[in-house]
Amino acid sequence: GRRHIDREQVVQVVSDFLPSVRIDPSQASEILDEISAHHGLLKDFGAGLFGFPHFTIQEYFATEHITNWHRLEMACSKRHRSWWREVARLYAGRGDCTDLILLIMSSEEDIFATNLFLAGECLAEGAAAEPVVAGHITAHLSSVMEKSRHIAQQVRAARLLALIGGGEMASRLKDAISQPNLNVEVRRTLVETLGHQRDEWALPVLLKCLPDAKVEVAVRQTAAGAVAEMGGDDHLDDAVGSIAMEPDPAIRQGLTSALVTAGGRRLVSLLERCLGSADESILGGICLAVGHTGHDGAQSVLSGLLESEDRSPSIKAALVISLAMLRDSAAINKLPDVASDPEVDRLMQLQAATVLGTVADASDAPGILNLALRDDLDRVVRVRLAVSAGQLGNRAVLDQLIALVPDQGVDRFV
């Protein structure tokens, strides 16, 4: 289990081996220097100490030794040392690890559930194990995930269960994600890890979360991003279909934004495909996400889509907002109209009012403040406009805002 050994020991090992290849043992020291200098298998660490240049090489040879010389019990006895844990996982990945897991679990457990987590890591390596043994481990991990008083242990158990996965695990994980008493961070860990799996069984679990009202919006947004990271335009299309079942338009838009923001360059093609079928909150979310990501080619695509005459006022508004976030000057000039247009969806009005505070010029602040004082506009939109006017740093407008604070003629919320 040592990382380094003395030069004399290495020379002796080389010397003992050389006769088998018909080389004079007296050349051992010279051959060791040649290996260290030119072949990369061993490295001179100075002070007369030699070792492998990377721990992975040593882990591989340790695993070979355990396998060929049946030293599994010896390896398990050292399981509390991090280096030997990696060796155990490497051994597990070679095939059936039932014997390894039984040895690990036969030892006395500590308060950190060291044995259980190591057994779970072995299963997570994709190793085979007898169903009864594997079921015993996953049941214990589920118990830790749901009942442990320590959030770190819950999160670790959740991650392992998602990595172990498989069709039989799918329903259990879906139930856990929907469980209101389970810590939100634990459930977010589940969906994030499932997104990294890229396995067919994981996708339906994530898609079912998207419209599930029992799951917090933050968890569902994480699930949307996880679906996008799994790759494939079909996955994005399936996710949009699942999100469409969400009755709240604000949540639909937020979920869609999370989905397509993680979707990277594929989101522009998704937008083009969805324009004729998805509802406005979904399309709006996609448009806004395109503006947030700002990748190459987005501006020309959005401009082309805006030129079409058959877009609804809200979709046109989303396109204008996206272009404004990409610093399109013509779109920035249209934002005040979007924020004040009664035919535009309120969510888009709010978004336009908010974006004005980040992209407009200081000289535009007086006009934005005048909009904020219009009684015919939505109160919350007016609040956003007032905030944006102040954010632009126009001194004259700041003085006006201060003067308006005690004005009884202005809506008190504004």
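## Helix pair α9 and α11

The axes of helix α9 (residues 151-164) and helix α11 (residues 184-197) come within 8 Å and cross at roughly 25°. This is a predicted model, where local features need pLDDT of at least 70, side-chain atom pairs count only at pLDDT 80 or more, and totals for chains, interfaces and linings use all residues. Residues are numbered from 1 along each chain as its sequence is written, and side-chain values use heavy atoms, with hydrogens and water left out.

With angles under 35 degrees counting as roughly parallel, α9 and α11 are therefore roughly parallel to each other. Who touches whom (contact being heavy atoms within 4.5 Å)? On the α9 side it's Ile151, Gln154, Val155, Ala158, Arg159, Ala162 and Leu163, meeting Glu185, Val186, Thr189, Leu190, Thr193, Leu194 and Gln197 in α11.

## Nonpolar cores

A nonpolar core here is a set of buried Ala, Val, Leu, Ile, Met, Phe, Trp, Tyr and Cys residues joined through side-chain atoms within 4.5 Å, buried being under 20% relative accessible area with a 1.4 Å probe, protein chains only. The largest one has 60 residues, and Leu100, Ile101, Met145, Ile177 and Leu194 have the most contacts inside it. A second, separate core of 39 residues includes Leu305, Val355, Leu377 and Ala389.

Back to Leu194: leaving aside residues up to four places away in sequence, its contacts are Ala162, Leu173, Ile177, Trp201, Ala202, Val205, Leu206 and Met230.

## Cysteines

There are zero disulfides (pairs of cysteine sulfur atoms within 2.5 Å) in the structure. For cysteine 97, the nearest cysteine sulfur belongs to cysteine 122, 5.6 Å away. Cysteine 97 counts as buried at 1% relative accessibility, and cysteine 209 counts as buried at 0%.

How values were computed
Buried means under 20% relative accessible area, exposed over 50%, partly exposed in between (1.4 Å probe, protein chains only). Contact means heavy atoms within 4.5 Å. Axes are lines fitted to C-alpha atoms, for helices over the stretch in contact, and angles run from 0 to 180 degrees between N-to-C directions. Helices (H or I, at least four residues) and strands (E, at least two) are DSSP runs, numbered from the N terminus. Angles under 35 degrees count as roughly parallel, over 145 as roughly antiparallel, 65 to 115 as roughly perpendicular and the rest as oblique.
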